[in-house]
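Here is a short tour of one structure, meant to be read with the model open beside you. Take a moment to look it over, and then we can go through its side chains and backbone together.

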Amino acid sequence: EEEFKWLLQEEVHAVLKQLQDILKEASHRFALPASGSGGAVKQENFVLSTSGTDQVKGVLTLQGDALCQADVNLKMPRNNQLLHFAFREDKQWKLQQIQDARNHVNQAIYLLMNRDVNYQFKTGSEVLKLMDAVMLQLSRARNRLTTPATLTLPEVASSGLTKMFTPALPPDILVNFYINLNKLCLTVYQLHVLQPSTTKNFKPAGGSILHNPGAMFEFGNQRYEVSHVHKVECVVPWLNDALVFFTVSLQLCQQLKDKISVFFSYWNYRPY
């Protein structure tokens, strides 16, 4: 019992302090100014590339959770025509995944700090409950970066992203930006119109992170088929840092839970 009391009074607080420090570092990696601080977030440029193709090239400018500039060149495979399109100067594209991940991190920090400095935990159950709540927020933060949203092609077509560019995107081009782990990804879909006389069996595609050539959909009373798909990406180093911090923090939470569970099992099974 003395050992368990020491665990509650000393080790739990040491682990909570360690978790706070790690998660504050994770939060800083997202480079978003705290509300009211007025500090500008630095802009970072990233070159989009992929192995094996030069159909799509581009440079993205990321500022915290916002894509503030995208400059993309697309070589059309049919005629090798080169298309160039960029964000309009008055437009930014919010990356909801980054915003959500940071919000979950800040919620985890709030849970860890939301008690008086002299507060003493009285039961192991109390600590387990706190660890579960923190781990839930950290898992959600990690999942937002590792699991991009699935979208149907009509959802991609009707996304506000299509209206971001100058010159305007041609009707046979769709684009989508998303985060996958530590990468910022751009997918470009080239389409062809399915004529009413086509003998192809029309079967609209469902939701997916990445649609393949041959996927069909209907939009604006017109039926389309995806003819070519180009995916290019760039590594964002601070996203990698954040994912490492999430993993370390989840391990620390689990280790503390395991220690407390050892005491619980000892008390439940000790001989009388």
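## Backbone details worth a look

Leu181 sits in the loop between strand 7 and strand 8; helices (H or I, at least four residues) and strands (E, at least two) are DSSP runs, numbered from the N terminus. This is a predicted model, in which local features need pLDDT of at least 70 and side-chain atom pairs count only at pLDDT 80 or more, while totals for chains, interfaces and linings use all residues. Residues are numbered from 1 along each chain as its sequence is written, and side-chain values use heavy atoms, with hydrogens and water left out.

Most residues other than glycine have a negative phi, and most peptide bonds are trans. Leu181 has a positive phi, near 60°, and at 42% relative accessibility Leu181 counts as partly exposed. The terms run as follows: buried means under 20% relative accessible area, exposed over 50%, and partly exposed in between (1.4 Å probe, protein chains only). Asn221 also has a phi near 60°, a positive value in a residue other than glycine. Asn221 belongs to the loop between strand 9 and strand 10 (222-235) and, at 78% relative accessibility, is exposed. For a cis peptide bond, look at the step from Thr166 to Pro167, where omega is near -10°; Pro167 is in the loop between strand 6 (165-166) and strand 7 (173-180).

## Aromatic pairs

A pair of aromatic rings is described by the distance of the centres and the angle of the planes. Here rings of Phe, Tyr and Trp (its six-membered ring) pair if their centres lie within 6.5 Å; planes under 30 degrees apart count as stacked, over 60 as edge-to-face and the rest as tilted. The structure has six such aromatic pairs. Phe30 and Trp238 have ring centres 5.7 Å apart and planes at 70°, so this pair is edge-to-face. Because Phe30 lies in the loop between helix 1 (2-29) and strand 1 (44-48) and Trp238 in helix 5 (residues 237-269), the pair ties together parts that are 208 residues apart in sequence. Phe30 is buried, at 0% relative accessible area, and Trp238 is buried at 7%.

Phe217 and Tyr224 make a stacked pair, 5.3 Å centre to centre with 20° between the planes, and both Phe217 and Tyr224 are buried. Elsewhere, ring pairs join Phe85, Phe87, Phe165 and Phe177 into a cluster.

## Charged side chains

A salt bridge is a side-chain nitrogen of Lys or Arg within 4 Å of a carboxyl oxygen of Asp or Glu, and the count comes to ten salt bridges. Arg29 pairs with Asp241, the closest N and O atoms being 3.0 Å apart. Arg29 is partly exposed at 26% relative accessibility, and Asp241 is partly exposed at 29%.

Arg223 has two partners to look for. Its side chain meets that of Glu218 in a salt bridge (3.6 Å, N to O), and Arg223 also lies over the face of Phe202, at 3.9 Å from the ring centre. A charge sits over a ring if NZ of Lys or CZ of Arg is within 6 Å of the ring centre and within 35 degrees of the ring normal. Arg223 is partly exposed, at 38% relative accessibility, as is Glu218, at 41%.

Which backbone oxygen lies 2.8 Å from a polar atom of the side chain of His211? The oxygen belongs to Leu151. A polar contact is a pair of N or O atoms within 3.5 Å; within protein, one must be able to donate a hydrogen and the other to accept it, and residues adjacent in sequence count only if both atoms are side-chain atoms. His211 is in the loop between strand 8 (183-193) and strand 9 (216-219) and is buried, with a relative accessible area of 4%.

Gln20, in helix 1, is buried at 14% relative accessible area. A polar atom of the Gln20 side chain lies 3.4 Å from the backbone oxygen of Leu112. Not counting residues up to four places away in sequence, Gln20 touches Leu112 and Met113, where contact means heavy atoms within 4.5 Å.
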